[in-house]
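I opened my notebook to record what I looked up in this structure.

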Amino acid sequence: MSFVLVQVIIGGLLLGAVYALFSSGLTLVWGMMNIVNFAHGDFVMLGMYVAYVVYTLMGGGPLLGAPLATLVLATLGVVVYFGLIRDIMKGPMLAQILGTFGLALLLRYSVFWWFGANFLSMPPNIVGGTYAFAGLRIEASRLLAGVVALLVTLGLHLLLTRTSLGSKMLAVAEDATAAQLMGIRPDTMQAIAWAIAAGATGLAGALIANFFYIVPTVGETLGIVAFVTVSLGGFGSVPGALVAGLLIGVIESLSGYLIGAIYKDIVVYVLFLFFLWFRPQGLMGKM
Amino acid sequence: MRRWIWLSVVAAFAIAYPLLLSSPFQQRLGALVVLYAIAASAWNIVGGYAGQVSVGHVVFFGCGAYAAMGAYAKFGLSPLFGIPGGIVLAVGLAAIVGVPTLRLSGHYFSMATIAVAETMRLIVTNTEWLGAAVGLSGPTVPRNIFDLSFLSALPYYYLFLAILAITLAITWWMTNSRMGFYLRAIKDSERAARSLGAPASRTKLYAYMLSAALTSVAGALYAMMFGFVDPESGLGILISVKILIMAALGGAGLLFGPLVGAAILVPLEEISNSWLGGKGAGLTFVVYGAIIVLIARFQPGGLLSLLMRRGKPKTDTSKTDTSKTDTEASHAP
């Protein structure tokens, strides 16, 4: 019994690391440009489909699918930035929300139209079976996803805090005009932020594609998860997203195990509303 | 003056429409346009006038639809008796969502509305008493006129038209009341409005609750016309999307914006559905998504604002002239 519980918690942590990875993309963009990407979950969905196409067309596993999905989504991020975000950023709130929300619909239903509404899945053994460790059984695909996501999220944090690129991005986030006077191009920095944010979703999508159900509407659920993670961790904070992501992964797994699989999404949504009521600044962030 | 002429021409056309175009398809189309115009006008109160983009408005639509069908299926009453219950449910829910989120930045509100709508859909889908995934049905054979179950779309059309007129009248009255002035001030600059003593959070909340009540009426009417409600047609996020895009396309924050949006998009969807069949469903929403992106990028004010801007130089000068003479006249004595 307790073994099962430990296994559930480990599964939650591994999934939570992936949540943290794609949520740190949302938090980066939100913190830097004060714009919320309502298509964020659908970016993850696209990452999953890229991995799926790589597998079905070329027979490639995550070793090929994950880098390719990262690259495709990062490119999409830059295109979206220059084609849409740069202009709606200065517009009214209605335009900002409608713009990214419309993008979400466009992506979701293009995939729906092309691939159909059926649940797709990757073959279970593509990453190589299950590890047994001290009586616990952990699927290799989940372990891979969790570990890679954790490392990349930490790497992202180091990139933002320890490199000159990170400092430049921070400078633009702080005051774009001042940064421009110091010889930093806000446009370039913001485009890089979008590339990183969307690339993170692509990687996350390719990683969970190995064990998650693949369906066009999955982005809606994942988008809400990302939003819950960001508002829990405090917006703009990658470490906050990491802690919150792991926490949400565990809460979701536990509630799925203890109450029932259909209720795990409800638990996360209610948690979100609860937080908005009582602690809108998040667990550790400031408003 | 010209405005009144236009208004009466449009009103006359709306009243005469089902007599001019009297095939069942056209009458049903007309009823749907008016129905969605009600829902989009209701959304417009919070989304357009208060500037708070609710993406989960379907949850209030669902309150009305489930209350109307529930009144019949659970208590054997006419679906009409469900309408007050739906309004109470919707307003209560709006308060629960609105009180915490309307204090925060608009993004939180938008996301919270999605979360609430999805939560309700999941809960209802798993609740046996509300028919779970199958939903609830209305009266198959009308027992009396109060069941509002007609074969023809004609009675629905006029019923909806009357409700639409009431909805627009309420909206118009609101914009010219103290609340309307507060809302305009808050939309321009919430900080400035607050510093001048406008109760920003409370005013936005009232707008949200009013909008929720009217949306729930639209949901009840929808369920009565179709005779059933299930989680997809009553609580699916796509209904929210339709409502929102109609208001935004026509012109959010303009009285007749949602009407223009509904008059364009409902026929578009019905025709594409009848041409493309089931396969068209995905494509319709691809087009919807593209339209929303294009509006946000190029014309956030909607189509009607484009028309109004074209006619603006004239009306603007005349307006300022009259206001000048008005103030002069009032100062004269």
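**Entry 1: a note before starting**

I am working with a predicted model. I keep that in mind for every entry.

**Entry 2: α2 and α6 of chain B**

I began with two helices of chain B. Helix α2(B) covers residues 24-49, and helix α6(B) covers residues 154-175. How far apart are their axes, and at what angle do they pack? I found 8 Å and about 20 degrees. Angles under 35 degrees count as roughly parallel. I therefore wrote down α2(B) and α6(B) as roughly parallel to each other. Their crossing is left-handed.

Next I looked up who meets whom. From α2(B), the residues include B:Gln27, B:Val34, B:Ile38 and B:Tyr49. From α6(B), they include B:Leu154, B:Phe160, B:Leu164 and B:Thr175. I sorted the contact residues by class: 17 are nonpolar, seven are polar and none is charged.

**Entry 3: α5 and α8 of chain A**

I moved to chain A. Helix α5(A) spans residues 140-162, and helix α8(A) spans residues 186-208. Their axes come within 10 Å and cross at roughly 170 degrees. Angles over 145 degrees count as roughly antiparallel. So α5(A) and α8(A) are roughly antiparallel to each other. I noted a left-handed crossing for α5(A) and α8(A).

On the α5(A) side, I listed A:Ala145, A:Val148, A:Ala149, A:Val152 and A:Leu156. On the α8(A) side, I listed A:Ala200, A:Leu203, A:Ala204, A:Leu207 and A:Ile208. The class count for this contact is ten nonpolar, no polar and no charged residues.

**Entry 4: α1 and α10 of chain A**

I took one more pair. Helix α1(A) is residues 2-33, and helix α10(A) is residues 238-258. The axes lie 6 Å apart, and the packing angle is about 140 degrees. Are α1(A) and α10(A) parallel or oblique to each other? I wrote oblique, which follows from that angle. Here the crossing is right-handed. The contact holds 17 nonpolar, nine polar and one charged residue.

**Entry 5: checking helix lengths**

I tested a rule of 1.5 Å a residue on helix α9(A), residues 218-233. Its 16 residues should span 22 Å, and the end C-alpha atoms are 23 Å apart, which agrees. I also checked burial. Of the 16 residues of α9(A), 14 are buried, so the helix is largely enclosed by the rest of the structure. Just after α9(A) comes A:Gly234, with a positive phi of about 90 degrees.

I repeated the length test on helix α12(B), residues 257-276. Its 20 residues should span 28 Å, and the end C-alpha atoms are 28 Å apart, so this agrees too. Among the buried residues in α12(B), I noted B:Gly257, B:Pro258, B:Leu259 and B:Val266.

**Entry 6: where the chains touch**

How many residues of chain A are in contact with chain B? I found 35, and they meet 37 residues of chain B. On the chain A side, the elements that give two or more residues are α3 (62-88), α4 (93-115), α9 and α11 (264-278). The largest share comes from α4(A), with 15 residues. By class, this side of chain A has 27 nonpolar, five polar and three charged residues.

**Entry 7: B:Leu136**

I zoomed in on B:Leu136, in strand β1 (residues 136-137) of chain B. Is B:Leu136 buried or exposed? I counted it as buried, because it has 22 C-beta neighbours inside 10 Å, and 20 or more is the cut-off. B:Phe228 is 92 residues away along the chain, yet the two C-alpha atoms are separated by 5.6 Å. Leaving out residues up to four places away in sequence, B:Leu136 touches residues including B:Tyr66, B:Met69, B:Leu130 and B:Val229.

**Entry 8: two positive phi values**

I looked up A:Asn34, which is not a glycine but has a positive phi of about 55 degrees. A:Asn34 lies in the loop between α1 and α2 (40-58) of chain A. With 14 other C-beta atoms within 10 Å, A:Asn34 is partly exposed.

My last stop was B:Ala132, whose phi is positive and near 45 degrees. I found B:Ala132 in the loop between α5 (106-125) and β1 of chain B. B:Ala132 has 13 other C-beta atoms within 10 Å, so I wrote it down as partly exposed.

Methods
Residues numbered from 1 in each chain as written. Chains lettered and ligands numbered in written order. Predicted model: local features only at pLDDT ≥ 70, side-chain atom pairs only at ≥ 80, totals over all residues. Axes fitted to C-alpha atoms, helices over the stretch in contact; angles between N-to-C directions. Helix = DSSP H or I, 4+ residues; strand = E, 2+ residues; numbered from the N terminus. Parallel < 35°, antiparallel > 145°, perpendicular 65-115°, else oblique. Left-handed = near helix turned anticlockwise from the far one by under 90°. Contact = placed C-beta atoms within 7 Å. Nonpolar A, V, L, I, M, F, W, Y, C, P; charged D, E, K, R; others polar. Expected span 1.5 Å × (residues − 1). Buried ≥ 20, exposed ≤ 12 C-beta atoms within 10 Å, placed from the backbone.
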